[in-house]
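Here is a short briefing on one protein chain. Keep the sequence and the 3D view open as you read.

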Amino acid sequence: MTITAALVLYAVTWFMTFFIVLPLNLKTQGDMGDIVPGTPSGAPHAENVGRKAWITTGVATVIWALLAAVI
């Protein structure tokens, strides 16, 4: 596998994992009862994007290593 192929595989794996991790443990404004005017009740109450990005990086690295080993 070339370096470019490995980077593309990692990027695809990271984004797919991120979209899976993003809705986990989500608390909406409607759930918390604190709806900010002008936003829908389904909007997130707290922003945990940074924490979820770090979790995604760890999980995606393991998945990528397994995929790269198989390829």
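A residue is called buried when its relative accessible area is under 20%, exposed when it is over 50%, and partly exposed in between. Thr56 has 0% relative accessibility, so it counts as buried. Keep in mind that this is a predicted model. The chain has three helices and zero strands.

**Overall build**

- Along the sequence, the chain follows the pattern α-α-α.
- The radius of gyration is 16 Å, while the globule rule gives 11 Å for 71 residues, so the chain is more spread out than a compact globule.
- The C-alpha trace spans about 50 × 20 × 15 Å along its principal axes.
- Of the 71 residues, 18% count as buried.
- The chain exposes about 5200 Å², and carbon and sulfur atoms supply 73% of that area.
- Take the contacts with a separation of 6 or more: residues 24 or more positions apart account for 61% of them.

**Aromatic pairs**

- Two numbers describe a pair of aromatic rings: the distance of the centres and the angle of the planes.
- Rings pair if their centres lie within 6.5 Å. By this rule the count comes to four aromatic pairs.
- One of them joins Tyr10 and Trp64, with ring centres 5.9 Å apart and planes at 85 degrees. Planes over 60 degrees apart count as edge-to-face, so the Tyr10 and Trp64 pair is edge-to-face.
- Tyr10 lies in helix H1 (residues 3-21) and Trp64 in helix H3 (residues 49-70). The pair therefore ties together parts that are 54 residues apart in sequence.
- Tyr10 is partly exposed, because its relative accessibility is 23%. Trp64 is also partly exposed, at 25%.
- Trp14 and Phe18 make a stacked pair, because their ring centres are 5.0 Å apart and their planes meet at 15 degrees. The cut-off for stacked is under 30 degrees.
- Trp14 and Phe18 sit four residues apart in helix H1, so about one helical turn separates them. Both Trp14 and Phe18 are buried.
- Trp14 and Phe18 also belong to one aromatic cluster, together with Phe15 and Phe19.

**A closer look at Phe19**

- Is Phe19 buried or exposed? Phe19 is exposed, because its relative accessible area is 56%.
- Phe19 lies in helix H1.
- Phe19 and Leu7 are 12 residues apart along the chain, and their C-alpha atoms are separated by 18 Å.

- Thr56 lies in helix H3. Which residues does Thr56 touch, leaving out those up to four places away in sequence? The answer is Trp14, Thr17, Phe18 and Val21.
- Thr61 and Trp14 are 47 residues apart in sequence, yet their C-alpha atoms are 7.8 Å apart in space.

**Loops**

- Asn25 is placed in the loop between H1 and H2. Asn25 is exposed, because its relative accessibility is 58%.
- Most residues other than glycine have a negative phi. Phi of Asn25 is near 55 degrees, a positive value.
- Pro37 is placed in the loop between helix H2 (29-32) and H3. Pro37 has 77% relative accessibility, so it counts as exposed.
- Pro37 and Ala60 are 23 residues apart in sequence. From C-alpha to C-alpha, Pro37 and Ala60 are 36 Å apart in space.

**A nonpolar surface patch**

- Which residues form the nonpolar patch on the surface? They are Met1, Ile55, Val59, Ile63, Leu67 and Ile71.
- Together, the patch residues have about 520 Å² of accessible area.
- Ile63, one of the patch residues, lies in helix H3. Its relative accessibility is 33%, so Ile63 counts as partly exposed.

Notes:
Residues numbered from 1 in each chain as written. Predicted model: local features only at pLDDT ≥ 70, side-chain atom pairs only at ≥ 80, totals over all residues. Heavy atoms only, no water. Phe/Tyr/Trp six-rings, centres within 6.5 Å; stacked < 30°, edge-to-face > 60°. Helix = DSSP H or I, 4+ residues; strand = E, 2+ residues; numbered from the N terminus. Buried < 20%, exposed > 50% of the residue type's maximum accessible area, 1.4 Å probe, protein only. Rg over C-alpha atoms; globule rule 2.2 N^0.38 Å. Contact = heavy atoms within 4.5 Å. Areas by Shrake-Rupley, 256 points an atom, 1.4 Å probe, with all protein chains shown as cover. Patch = residues over 30% accessible without salt bridge, like charges linked within 9 Å, V, L, I, M, F, W, Y side chains within 5 Å. Salt bridge = Lys/Arg side-chain N within 4 Å of Asp/Glu carboxyl O.
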